[in-house]
Amino acid sequence: SGTIIDSGAVLHPCLNAPYPPFDYKHLMIGSHCYIGKNTIVCARSIGNNVYIGNNCILADRVEIGSNVKIPDGSYLPPDTKVLDNSVFGGKPAKYLGEIPETFQLWINEFCSNYYLNLIITQDK
């Protein structure tokens, strides 16, 4: 619950193997996750309390643990595994450090308050 998929984000089934016979697997997304604008996700799994920035690419078979931050513009190549409690980013993405202990509280509040701050506009 509380997962946000922002505008322009694309979620695609995960290609199970890089060679035939090709098979696709469902993407598993945990709770309190944010997937940023124009981000493409072909990952296998995303844990709980994950922030994925804008304009990121998560390629096939990527596995993201819980309490993780992926900064804007990051590219995670196929078969990347991101450990719990980490910041992982860049092109290609690499480990950038440990996530602060306050991150879980922040992402939970961010996801909970997202819709309260959403402004809906209508075409006239």
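Leaving aside its neighbours within four places in sequence, which residues is Gly 36 in contact with? Keep that in mind as you open the model, which is a predicted one.

**Stop 1: Gly 36**

Select Gly 36. You are in the loop between strand 6 (34-35) and strand 7 (40-41). Gly 36 is buried, because its relative accessible area is 0%, and the cut-off for buried is under 20%. Now show what surrounds it. Beyond the neighbours within four places in sequence, Gly 36 is in contact with Asp 6, Ala 9, Ile 52, Gly 53 and Asn 54. Pick Ile 52 from that list. Gly 36 and Ile 52 are 16 residues apart along the chain, and their C-alpha atoms are separated by 5.8 Å.

**Stop 2: the aromatic rings**

Next, select Tyr 34, Tyr 51, Phe 103, Trp 106, Phe 110 and Tyr 114. Together they form one aromatic cluster. The structure holds 8 aromatic pairs. Zoom in on one of them: Trp 106 with Phe 110. Their ring centres are 5.1 Å apart and their planes meet at 20°, so this pair is stacked. Both residues sit in helix 1 (residues 103-114). They are 4 residues apart there, about one turn of the helix. Trp 106 is partly exposed, at 41% relative accessible area. Phe 110 also counts as partly exposed, with 26% relative accessibility.

**Stop 3: the cysteines**

How many disulfides does the structure hold? The count is 0. Start with Cys 42. The closest cysteine sulfur to its own is in Cys 14, 7.8 Å away, so the two are too far apart for a bond. A disulfide needs the sulfur atoms within 2.5 Å. Move on to Cys 56. It is in no disulfide either, and the nearest cysteine sulfur, that of Cys 42, is 13 Å away. Are Cys 42 and Cys 56 buried or exposed? Cys 42 counts as buried at 14% relative accessibility. Cys 56 counts as buried too, at 0%.

**Stop 4**

Select Val 10, Ile 40, Ile 57 and Tyr 75. They make a nonpolar surface patch of about 290 Å². Click on Val 10. Val 10 belongs to strand 2 (residues 10-11). Its relative accessible area is 41%, so Val 10 is partly exposed.

Notes: Residues numbered from 1 in each chain as written. Predicted model: local features only at pLDDT ≥ 70, side-chain atom pairs only at ≥ 80, totals over all residues. Heavy atoms only, no water. Patch = residues over 30% accessible without salt bridge, like charges linked within 9 Å, V, L, I, M, F, W, Y side chains within 5 Å. Areas by Shrake-Rupley, 256 points an atom, 1.4 Å probe, with all protein chains shown as cover. Salt bridge = Lys/Arg side-chain N within 4 Å of Asp/Glu carboxyl O. Helix = DSSP H or I, 4+ residues; strand = E, 2+ residues; numbered from the N terminus. Buried < 20%, exposed > 50% of the residue type's maximum accessible area, 1.4 Å probe, protein only. Phe/Tyr/Trp six-rings, centres within 6.5 Å; stacked < 30°, edge-to-face > 60°. Contact = heavy atoms within 4.5 Å.
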